[in-house]
Amino acid sequence: MAYPTANKKVIAFVEESAKLGCPDNVVWIDGSSEQLEQLRSEACATGEMIKLNQEKLPGCYYHRTAQNDVARVEDRTFICCREKENAGPTNNWMDPKEAYAMCAEIARGKMKGRTMYVIPYSMGVVGSPFSKIGVEVTDSIYVVLNMAIMTRVGNACFEQLGPDGDFVKGYHSKCDIDPEKRYIMHFPEDDTIISVNSGYGGNVLLGKKCFALRIASYLGRKEGWMAEHMLILGVTYPDGRKKYLAAAFPSACGKTNLAMLIPPKHYRDLGYKVECVGDDIAWIRVGEDGRLWAVNPENGFFGVAPGTNEKSNPNALAATRKNTIFTNVALDPSDNTVWWEGLTKPAPAHLIDWLGNEWTPDSGVKAAHPNSRFTAPAVGCPCLSDAFNSKEGVPLDAIVFGGRRATTTPLCYQSRDWDHGVFVGSIMSSETTAAATGATGVLRHDPMAMKPFCGYDMGDYFAHWIEMGKKASNPPKIFNVNWFRQDENGEFMWPGFGDNMRVLDWILKRCENAVDARETAIGYVPYAEDIDLEDIDCTKETLEKILYVDKARWSAEADEIASFYKQFGDKLPAELKESLATLKKNCEA
Ligand code: OXD
Ligand code: MN
């Protein structure tokens, strides 16, 4: 057979994969629109995808996953490094030999009767010093078509790889979508990922969480850079200056909304603009200028559909109107379009829900799955930054951490310095969401929003963060935000969405030393009068409340952090221990 690459390692990987899965055919994805169009037709012919109304939603398709396969499976996700200790206390671990043998057993022959597709893809702009190449083999057309949106796919990747370049190997097989045999396995020491028995995006689009976070975080530590679960956005000022920030939030906590924020009217009238560089993942390096530079390695948005609407995120909605794949949302049979909770009010009178059942507003169930998704090309986003395709990335002025916290954490605070900022990231906790299987709304620690995505020992990861601060002579300032504070009646106290611009404005002013702040037990908190409250549904009194630092609560939080930290043992950097001791002391003062 003639191969589209002379890279022997790629050929060997594809041949071994075919030997294992025993597909009827092997098809190499070249990235051409003809080939992708052919695959769309095939997927529609078999019912794997449904073609939507091409006038209202040109290039858009619909897909349902199996009912038992709708979110990331953190309990079945493993880091398979040789020493268990190196996976750390927050990851599941399996011995690589055992894991390879188990996966081979599960996957053997499961591609029989199917085609195996070989997807060469680049995370990052092809040819950028940040970018890295992966090859995913899969028996799913849905995966091919999603990867073609989420990454840069095609033969140019082989050109970049050359005859003996290295790449990340990804083996995906749907097998029987058996939840008992579903495994998402990472072999960071071998640049390898194996995913079996799932068809849900986060488990099978191997460029995303598996490569761009779990494997990349491991590579980043080895090579001196960072892979983070962060959006990247740019703010353009009325005088044309641009500032960039990266922000880490746990899954389904509004990263896509923040990344595509539309500023309140009076900011727009003055000429402020927010542009999106990325909504989920940032790869960050130290530049020659001593600043941290970030790129978004992805090429599309795999966003949570419910809640996305003309008001909450018109930019994301616009991005989904063309060339998008919708998964597990509801179908509107009246015009063959899609619907999800929150898209319009009231809901349509009749839909087909994500399970394929007839649905009416009084059915008593959700029409779209809470973790239903759109896979939309980044180019379709009206506020996409010019820097999106930049090979160098963008210089960061600020790093922001945030979780979903009903109490305790104020709307915003700034760390005292880089090391204290690493502490602030490490103590993030948030209520769980539908993005992963398991109970939702449970408060859990999620340091830097990386708990499910760090490919090695999290204690070493904290140390790597401290190290990066030393390497950067001019690092970004670090902040924490919480859009989710609730009052006694469980109502959100901050309106969020576009109004979050007011907090970003304060953050960026702090980066220029253009505004004062109150020094508190936890760091620098805004004075209420420094947050712009023009035309907002939030009073100064409410703002004072959500900026209040309750020392008693923080003292209890400090005890909680101490018990969370115990699991890291000697790996916990001294800088973090010191910050914790300072917090406790400040709360008692
Ligand atoms: C995602 C997630 O899909 O974090 O981005 O689950
Ligand atoms: Mn994410």
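View 1. At 30% relative accessibility, Cys22 counts as partly exposed. The model shown here, and in every view below, is predicted. Cys22 sits in the loop that links helix 1 (8-21) to strand 1 (25-28). Its phi is positive, at about 55°, although Cys22 is not a glycine. Most residues other than glycine have a negative phi.

View 2. Phe497 lies between strand 30 (477-481) and helix 13 (501-511), in the loop. Its relative accessibility is 43%, so Phe497 counts as partly exposed.

View 3. The bond runs from Lys345 to Pro346 and is cis. Its omega is near -5°. Most peptide bonds are trans. Where is Pro346 placed? Look in the loop between strand 21 (337-339) and strand 22 (351-352).

**View 4. Ten residues surround ligand 1.** The shell holds Arg72, Lys208, Lys209, His229, Ser251, Asp280, Phe302, Arg373, Ala435 and Phe453. Sorted by class, five of these residues are charged, three are nonpolar and two are polar.

**View 5. Lys209, His229 and Asp280 reach oxygen atoms of ligand 1.** Start with Lys209: a polar atom of its side chain is 2.9 Å from an oxygen atom of ligand 1. For Asp280, an N or O atom in the side chain lies 3.2 Å from an oxygen atom of the ligand. For His229, the distance from a polar side-chain atom to a ligand oxygen atom is 3.4 Å. How much of ligand 1 does the protein bury? Taken alone, the ligand exposes 210 Å², and the protein buries 95% of that.

View 6. A disulfide needs two cysteine sulfur atoms within 2.5 Å. Cys511 is likewise in no disulfide, with the sulfur of Cys412 as its nearest cysteine sulfur. By this rule the disulfide count is zero. Buried or exposed? Cys412 is buried, at 0% relative accessibility. Cys511 is buried too, with a relative accessible area of 17%.

View 7. Inside the order, strand 19 (325-327) and strand 24 (373-377) run antiparallel and are joined by three bridges. Ile325 has Thr375 in strand 24 as its bridge partner. Strands of a sheet pair through backbone hydrogen bonds.

View 8. Strand 17 (292-295) and strand 25 are joined by two bridges. Trp293 is paired with Pro395 in strand 25.

**View 9. Strand 30 pairs with strand 26 and with strand 27.** Strand 26 (398-402) runs parallel to strand 30, over five bridges. Strand 27 (412-414) runs antiparallel to strand 30, over three bridges. Find Asn480 in strand 30: Phe401 stands opposite this residue, and Asn480 is also the bridge partner of Tyr413. Four of the five residues of strand 30 are buried, so the strand is largely enclosed by the rest of the structure.

**View 10. The side chain of Ser430 reaches the backbone of Arg404.** Ser430 belongs to strand 28 (429-431). Ser430 counts as buried, at 2% relative accessibility. Its side chain reaches the backbone nitrogen of Arg404 at 2.8 Å.

Conventions. Residues numbered from 1 in each chain as written. Chains lettered and ligands numbered in written order. Predicted model: local features only at pLDDT ≥ 70, side-chain atom pairs only at ≥ 80, totals over all residues. Heavy atoms only, no water. Near = heavy atom within 4 Å. Polar contact = N/O pair within 3.5 Å; in protein donor to acceptor, adjacent residues only side chain to side chain. Areas by Shrake-Rupley, 256 points an atom, 1.4 Å probe, with all protein chains shown as cover. Nonpolar A, V, L, I, M, F, W, Y, C, P; charged D, E, K, R; others polar. Buried < 20%, exposed > 50% of the residue type's maximum accessible area, 1.4 Å probe, protein only. Pairing = 2+ DSSP bridges.
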